[in-house]
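Let's take a walk through a protein model together. Have the sequence and the 3D view ready.

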Amino acid sequence: MSEEDKKIIGNKKHLYDETVKYDESNLPEPLKEYIKELKKFDKAKDWLSYDLKFDEFEMVIRYYLRANRVTEYDYKKLIAKYGWLYD
């Protein structure tokens, strides 16, 4: 990891908010796969790939929300955990 990457990431242990607790076991399989990929990028401290994959993840979560496959609670928790925000 370059010095510039270290400045951007800072001393965070993860690229996602590990303080947000959420049971992901009941999510649709495609969302679980996105989470696995996000965690893979997190482990590699590859913030650029993480950020790009999160944008896709957010679109897919919105689709599942509109299709009533996840609840608004699920949506907000997942966005808060992996995106550090929610709308």
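A salt bridge is a side-chain nitrogen of Lys or Arg within 4 Å of a carboxyl oxygen of Asp or Glu. Counted by this rule, there are seven salt bridges here. One of them joins the side chains of glutamate 33 and lysine 36, with 3.4 Å from N to O. Because these two residues sit three apart in helix α2 (residues 29-43), about one helical turn separates them. Helices here are DSSP runs of H or I with at least four residues, numbered from the N terminus.

This is a predicted model, in which local features need pLDDT of at least 70 and side-chain atom pairs count only at pLDDT 80 or more, while totals for chains, interfaces and linings use all residues. Residues are numbered from 1 along each chain as its sequence is written, and side-chain values use heavy atoms, leaving out hydrogens and water.

Now find helix α3 (residues 47-66) and helix α4 (residues 72-83). Their axes, lines fitted to C-alpha atoms over the stretch in contact, come within 10 Å and cross at roughly 175°. Angles run from 0 to 180 degrees between N-to-C directions, and those over 145 count as roughly antiparallel, so α3 and α4 are roughly antiparallel to each other.

Methods. Angles under 35 degrees count as roughly parallel, over 145 as roughly antiparallel, 65 to 115 as roughly perpendicular and the rest as oblique.
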